[in-house]
Amino acid sequence: MTDLEGGLDEPEELQPAEGSLKLVGADDAYDASAWEAATAAVLRKARRLGDDAPDSDVWTALARTTLDGIEVAPIGQQADLEGLTTSGRPGRRGAWDVRTQVEVVDDGAANEALLQDLENGGTSLLLHLSEETQHDWSALLDGVLLDLAPVALDRASTGQVEAFADFLEGVDGALHPGTNLSFDLQTLEMLHSRVRDDGATARDLFAPVARRGFQLGVRALVVDGTALHDQGASDAQELGWAVATGVAYLRLLADEGFSAEHAARLVEFRLAATDEQFPTIAKLRAARRLWARVLEASGASGEMSLHAVTSRAMTSRRDPWVNMLRGTVAAFAAGVGGADAVTVVPFDEPLGAPDAFGRRIARNTSSLLIEESHVAAVTDPAGGSYAVEKLTDDLAVAGWAELGRIEAAGGALADDARAGVKERVRAVRAARDAQVADRSRPLTGVSEFPDLAEVLPERDDRPHRYVHHYGWAFEDMRAQPAERRVFLATMGPISAHTARATFATNLLAAGGVAVESAGATSDVASVTAAYAGQPVVCLAGTDAAYAEWGADLVAALRAAGASYVVLAGKPGEKTVTDVDDSCALGVDALGFLGRIREELAR
């Protein structure tokens with residue numbers, strides 16, 4: 001071959017040596033110490049780090065500890081990958097199964113809803129059946145192509161499972177192998193056991209249902225971690241409980257003659273996805289690692305079948321529109337975490353049976369993530385991230401430890417093990433409730449930025465689920481708003497008092513307490529002129545105003561009839577001392593609101 005004039009020289013090497021390729025200039029190369037310095041400057045400005053504290057203290061200042069005791073660093077580092085205990089990555093390729101939830105009270109109405117879902121982006125169904133109705137399965141699933149669209153049940157009774165199996169056995173044609181009879185022995189026995197007229201227990205029906213599923217070529221069993229999540233469980237507790245239950249099912253099936261491989265194929269796992277994005281991604285990745293280890297120890301192979309459902313516990317009845325944001329983040333995390341199927345709970349479910357709009361938003365959440373954001377285009381997109389890999393490993397280790405505690409107490413189906421799980425979940429629930437109470441775990445629209453004037457959408461009744469919602473205490477107060485208002489004794493011009501006045505107004509509103517504000521004032525007389533005899537008053541102003549005329553204002557308001565005086569801020573010699581209560585950042589909001597409501601009710 002002759003050389004061409006003006007051609008390029010042959011490269012001396014096809015690619016640079018590993019580690020030699022530089023994508024930035026020398027002036028743009030930074031290390032951890034540079035990040036520490038920049039971050040420390042911001043924290044000092046925000047008064048979250050002392051002037052004399054070393055820059056390296058930013059790691060402690062910004063780290064957070066989960067309810068499982070796992071410390072999460074503010075950013076990941078390459079060193080986080082050293083010494084990991086577990087390994088493994090999700091194997092889902094392409095889009096996840098968009099599993100839409102349908103509340104079934106009336107079979108005809110439910111059929112119309114589920115067909116609408118399947119025609120507009122849904123690819124499978126999750127049916128939540130009313131126990132007060134005998135369902136006509138032919139009418140309910142009329143028009144559904146059962147060879148293309150898997151069907152599963154949510155918190156089904158034994159009778160509902162058997163009726164579903166009876167219907168499927170009469171279907172002429174193939175069934176999608178992803179369909180699940182959805183028998184959940186653990187949840188039936190531990191959380192809401194039902195007594196049948198024929199005296200058969202859930203344990204009696206476990207093996208027959210498993211055989212029917214095997215013969216139909218569909219799944220038969222579900223391990224429903226969301227049931228424990230709804231009770232208040234942490235991520236590691238949900239993981240340990242789910243894997244321990246899966247192990248118990250494998251043992252029962254082995255006793256019935258199933259091989260470990262065949263038994264594992266009958267089981268689908270259902271886990272909760274919350275709006276805590278990275279913990280959810282890590283939890284789903286950890287679940288696969290734990291189950292892979294169980295299958296390895298059992299001499300079986302295969303992938304975990306994983307169905308993620310966005311958390312019901314995180315949703316709120318108040319300002320339900322925020323639930324759309326929570327569901328979107330949770331669905332994103334579930335997809336990135338490798339879930340095979342994702343159910344987005346409709347935003348209006350806390351109000352009753354979701355309407356067509358709520359269901360449309362729910363299914364479109366997945367459709368947008370898949371089709372427009374291309375979240376499913378890459379398998380395990382979070383894999384290799386220092387922070388995610390570290391958190392995945394930490395959660396897997398914590399989940400395995402919970403599994404060990406359950407096994408040591410006799411296994412997931414033993415009474416002692418169940419009692420221990422319930423006790424540990426109660427402890428976590430109390431810790432979370434305490435964080436919600438002092439608003440260190442803020443809930444938008446509930447404990448933060450509440451709207452007392454909101455008009456909630458009306459929805460029909462739906463089949464009951466027991467869920468311990470994170471914001472239950474605040475929502476209980478909002479359900480019964482205080483009849484009397486608090487007088488907001490604003491001190492000085494609006495520019496001076498607006499910060500504390502807004503803080504106090506939002507805090508009181510979170511407990512269903514409205515305020516009447518004095519507005520712009522200049523002295524004691526202008527505040528008392530706006531006072532209308534309310535028993536509870538709240539001073540809102542600057543520290544300088546408190547020091548200058550706060551004591552005189554308190555005395556004047558008490559003389560005018562105020563029986564309970566609150567200071568927005570911290571009382572003391574530099575502000576005001578003669579007050580009955582105070583509210584500032586970090587206050588036990590629920591305790592404070594309880595006292596205010598008690599005084600208003602006198």
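I began with a definition: buried means under 20% relative accessible area, exposed means over 50%, and partly exposed is in between, with a 1.4 Å probe and protein chains only.

**Entry 1: ground rules**

I am working on a predicted model, where local features need pLDDT of at least 70, side-chain atom pairs count only at pLDDT 80 or more, and totals for chains, interfaces and linings use all residues. Residues are numbered from 1 along each chain as its sequence is written, and side-chain values use heavy atoms, with hydrogens and water left out.

I looked up Arg47. Is Arg47 buried or exposed? Arg47 is exposed, because its relative accessible area is 79%. I found Arg47 in the loop between helix H1 (32-45) and helix H2 (58-62). Helices (H or I, at least four residues) and strands (E, at least two) are DSSP runs, numbered from the N terminus. Then I checked the backbone. Arg47 is not a glycine, yet its phi is positive, about 60°. Most residues other than glycine have a negative phi. His374 has a positive phi of about 55° and is not a glycine. Its place is the loop between helix H13 (356-372) and helix H14 (386-408).

**Entry 2: the whole protein**

I stepped back to the totals. I read off 20 helices and 15 strands. The C-alpha atoms fill a box of roughly 85 × 85 × 55 Å, taken along the principal axes. Of the 602 residues, 51% are buried.

Next came contacts (heavy atoms within 4.5 Å). I took those between residues at least 6 apart in sequence, and 77% of them join residues at least 24 apart.

The accessible surface is about 27,900 Å², and carbon and sulfur atoms hold 50% of it. These areas come from the Shrake-Rupley method with a 1.4 Å probe; for residues, only the protein chains shown count as cover.

Then I turned to charges. Lys and Arg count as positive and Asp and Glu as negative, while His and the chain ends are not counted. Each charge is placed at NZ of Lys, CZ of Arg, CG of Asp or CD of Glu. The mean positions of the 55 positive and 92 negative charges are 5 Å apart.

I picked Glu103, in strand S3 (residues 97-104). Glu103 counts as buried because its relative accessibility is 13%. Which side chains join Glu103 in polar contacts? I found Gln101 at 2.9 Å and His128 at 2.8 Å. A polar contact is a pair of N or O atoms within 3.5 Å; within protein, one must be able to donate a hydrogen and the other to accept it, and residues adjacent in sequence count only if both atoms are side-chain atoms.

His128 belongs to S4, where it is buried on one side with Ser124 and Leu126. Six of the six residues of strand S4 (residues 124-129) are buried, so the strand is largely enclosed by the rest of the structure.

I checked the pairing. Two strands pair if DSSP finds at least two bridges between them. S3 and S4 run parallel, joined by six bridges. Thr100 stands opposite Leu125 in S4.

**Entry 3: two helices**

I looked at helix H16 (residues 472-479). Its buried residues are Ala473, Phe474, Glu475, Met477 and Arg478. They pack against helix H15 (415-437), helix H17 (494-510) and helix H20 (589-600).

Last, I took Ala227, in helix H8 (residues 225-229). Ala227 counts as buried because its relative accessibility is 2%. Ala227 and Glu238 are 11 residues apart in sequence, and their C-alpha atoms are 8.9 Å apart in space.
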